[in-house]
Amino acid sequence: MKITIIGTGYVGLVTGTCFAQVGHRVICVDNDPAKVKLLQGGGMPIYEPGLEELVNSNVAAGRLRFSDSTREGVEQSDVIFIAVPTPPQADGSVDLSFIEGVAREIASNMTAYRIVVDKSTVPVKTGEKVTETIKRYSKGRVEFDVVSNPEFLREGFAVDDLMHPDRVVVGVSSERPVQAMREVYEPFKAPIIVTDISSAELIKHAANSFLALKISYINAISVVCEAAGANVQEVANGIGMDKRIGRQFLDASLGFGGSCFPKDLSAFIKIAEQLGYDFGLLKEVQRINSDQMARFVKKIASTLWVLKDKRIGVLGLAFKQNTDDVRMSPAIDLCQRLLKEGAVLRVHDPQAMEKARPLLPTVTYVGEMNEVAEGCDALIVATEWPEFKKLDLDRARRNMSHPIMFDGRNLFDPKEMERLGWIYKSIGR
Ligand code: UGA
């Protein structure tokens, strides 16, 4: 099929590339000419495992190209995906101006029947607004269908999630676009759920909120475990083996972050409020998440007593493993809180140091993880990068004034750390 993706951010770029990989002809459009040029020249705007190779091979095979012209994208493809940002506003609601702008541009460039698919995360009823907008700006000249097709990929595992989805959700208001959507997704061999547009839109917010709820639930359990002297990982394993619960997203941490969960929770609470429902449960999910960070900082402060001028090593800046994304990163939040208290930070992240620099201009960036601990009063694990498990603990211990570690991701074994002579504090254990 001929497919255009408008918006070459995380979702747009990975989706377009994976569509090309299964044989579709794809144009990825972006209104940022610098980004388009970078991609045309073989550069990558983001770090995502496996993506660069896939982009290059599909460009070489002639199935994938980049353009800054929406007109070209709309003229040359049958199915147009919208994958532009839907950033949060101060009151928690979503800024839909990019979606509206793209809908208008599509409308004014459409000369024949097109399927316009929304992939961005949007509030329920956005599909109706997109339909109205396209009708208005195309002046009713051409036929079209609007489809809601939310994306469920995780950063850091995006290619794999896209190539092997658990399910594909297709929200439609008529039968006409269904066959084409099946053709788009047929190569992925995943179950396709065809539903109405509003339900499809709600599935996305309901899914992300539920996953965030799972994390806050285990984080709340971690507080009880700490008070009771129990181990949250044992509890997570024990409850997670019940298939109705499942073990995934039950890793206690210093809190969840990223460009999705915090934003989508606020948006969903706001959407419910506008529909007349006070979603108190999700407000509690938010509260537990912010308390979790506050509790972690308190743990550090009460152990080190005075934070001013304490030299602290921080492993991890990205909001999670396998990404260079620092948007709403708990690790960055933590560093900013420690800096505010006067601590002096030495930080390392395998991928995110460049993107962290503007947010943390006064810290020392260390290129090698085993050098972070040098002269430090404490070491913190803030991101669950698997390579941190291979830290040279002996060397770190020798290089520190006192071997103290605060592990916000439970990467190490408490008994083993104690045996190695560390004062080791983790989450819920
Ligand atoms: C999330 C969803 O998992 C995706 O399905 C969805 O498509 C995406 O949002 C989106 O809406 O675009 P993502 O934000 O990339 O994906 O990352 P996650 O793997 O969900 O992690 C989010 C945060 O939760 C991270 O800070 C992570 O460290 C934290 N987390 C995750 C935990 O603290 N504990 C866990 O058990 C799992």
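Lysine 125 lies in the loop between strand 5 and helix 6; helices (H or I, at least four residues) and strands (E, at least two) are DSSP runs, numbered from the N terminus. Its phi is positive, about 90°, although lysine 125 is not a glycine. Lysine 125 is partly exposed, at a relative accessible area of 41%. Buried means under 20% relative accessible area, exposed over 50%, and partly exposed in between (1.4 Å probe, protein chains only). The model is predicted: local features need pLDDT of at least 70, side-chain atom pairs count only at pLDDT 80 or more, and totals for chains, interfaces and linings use all residues. Residues are numbered from 1 along each chain as its sequence is written, and side-chain values use heavy atoms, with hydrogens and water left out.

Asparagine 410 also has a positive phi without being a glycine, here about 50°. This residue sits in the loop between strand 13 (404-407) and helix 16 (414-419). Asparagine 410 counts as buried, at 8% relative accessibility.

Helix 1 (residues 10-21) and helix 3 (residues 51-60) have axes that come within 9 Å and cross at roughly 50°. Helix 1 is therefore oblique to helix 3. Axes are lines fitted to C-alpha atoms, for helices over the stretch in contact, and angles run from 0 to 180 degrees between N-to-C directions. Angles under 35 degrees count as roughly parallel, over 145 as roughly antiparallel, 65 to 115 as roughly perpendicular and the rest as oblique. On the helix 1 side, Leu13, Val14, Thr17, Cys18, Ala20 and Gln21 meet Leu51, Leu54, Val55, Ser57 and Asn58 of helix 3. Contact means heavy atoms within 4.5 Å. The residues of this contact divide into seven nonpolar, four polar and no charged. Ala, Val, Leu, Ile, Met, Phe, Trp, Tyr, Cys and Pro count as nonpolar, Asp, Glu, Lys and Arg as charged, and the others, Gly among them, as polar.

Cysteine 28 belongs to strand 2 (residues 25-29). Its relative accessible area is 0%, and cysteine 28 is buried. Not counting residues up to four places away in sequence, cysteine 28 touches Ile5, Thr8, Gly12, Gly16, Leu64, Arg65, Phe66 and Ser67. Serine 216 lies 188 residues from cysteine 28 in sequence and 36 Å away in space, C-alpha to C-alpha.

In helix 5, the residues Ile99, Val102, Ala103, Ile106, Ala107 and Asn109 are buried. Their cover includes strand 1 (2-6), helix 4 (70-76), strand 4 (79-82), strand 5 (114-118) and helix 6 (126-137).
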